[in-house]
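Biologist: Before I rely on any label attached to this model, I would like each one set against the rule behind it. Could we go through them in turn?

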Amino acid sequence: MITTASAANHAYVRGLGADEIVDYNVRDFAQAVANCDAVFDTVGGDVAQRSFAVLKPGGRAAFIASGAQAPKPQRADVCG
């Protein structure tokens, strides 16, 4: 499992089972990871839209902070 977290939370998310951690204060997750089976976005907004870029073809995204309407992918080969 890959996740994003600030440096202060790396030990915590590693304890939850994270294999790889991207510090969102240092790196853009959309540049750091690719070919993900699924994305679970808890931020919304621009982060939700950029999440589609890291999915492999056939990948799926789930959103809990995007309001009443989930973002729509700009790629035909993934699902939101």
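Modeller: Let us start with leucine 55, which, leaving out residues up to four places away in sequence, touches Asn35, Cys36, Asp37, Ala38, Val39, Arg60, Ala61, Arg75 and Val78; contact here means heavy atoms within 4.5 Å. This is a predicted model, in which local features need pLDDT of at least 70 and side-chain atom pairs count only at pLDDT 80 or more, while totals for chains, interfaces and linings use all residues. Residues are numbered from 1 along each chain as its sequence is written, and side-chain values use heavy atoms, with hydrogens and water left out.

Biologist: What makes the largest nonpolar core a core, and which residues have the most contacts inside it?

Modeller: The term is kept for a set of buried Ala, Val, Leu, Ile, Met, Phe, Trp, Tyr and Cys residues joined through side-chain atoms within 4.5 Å. The largest such set has 13 residues, and those with the most contacts inside it are Val33, Phe52, Val54, Leu55 and Ala61. Two or more residues each come from α2 (29–32), β3 (36–41) and β4 (55–63), and β4 gives the most, with three. These elements are DSSP runs numbered from the N terminus, helices being H or I of at least four residues and strands E of at least two.

Biologist: Why is serine 6 called buried?

Modeller: Buried means under 20% relative accessible area, exposed means over 50%, and partly exposed is in between (1.4 Å probe, protein chains only). Serine 6 has 13% relative accessibility and therefore counts as buried. Serine 6 is placed in the loop between β1 and α1 (10–15), and, apart from neighbours within four places in sequence, is in contact with Asp23, Tyr24 and Asn25.

Biologist: How do you know that lysine 56 and aspartate 37 form a salt bridge?

Modeller: A salt bridge requires a side-chain nitrogen of Lys or Arg within 4 Å of a carboxyl oxygen of Asp or Glu. The closest N and O atoms of lysine 56 and aspartate 37 are 2.5 Å apart, and the pair is accordingly listed as a salt bridge. Lysine 56 lies in strand β4 and aspartate 37 in strand β3, so the pair ties together parts that are 19 residues apart in sequence. Lysine 56, at 33% relative accessibility, counts as partly exposed, whereas aspartate 37, at 51%, counts as exposed.

Biologist: What separates arginine 50 from aspartate 46 in helix α3?

Modeller: They are four residues apart in helix α3 (residues 45–51), and therefore about one helical turn lies between them. Arginine 50 has a relative accessible area of 26% and is partly exposed, while aspartate 46, with 52%, is exposed. Asp28, Asp46 and Arg50 are linked in a network of salt bridges.

Biologist: Which elements each supply at least two residues of the lining of the largest pocket?

Modeller: They are β1 (2–4), β3 and α3, with the largest share, five residues, coming from β3. A pocket is an open set of points on a 1 Å grid over the protein atoms alone, where a 1.4 Å probe fits, with protein on both sides within 12 Å along at least five of seven lines; lining residues have an atom within 4 Å of a point. Of the 21 lining residues, the closest to the centre are Ile2, Thr3, Thr4, Val39 and Phe40.
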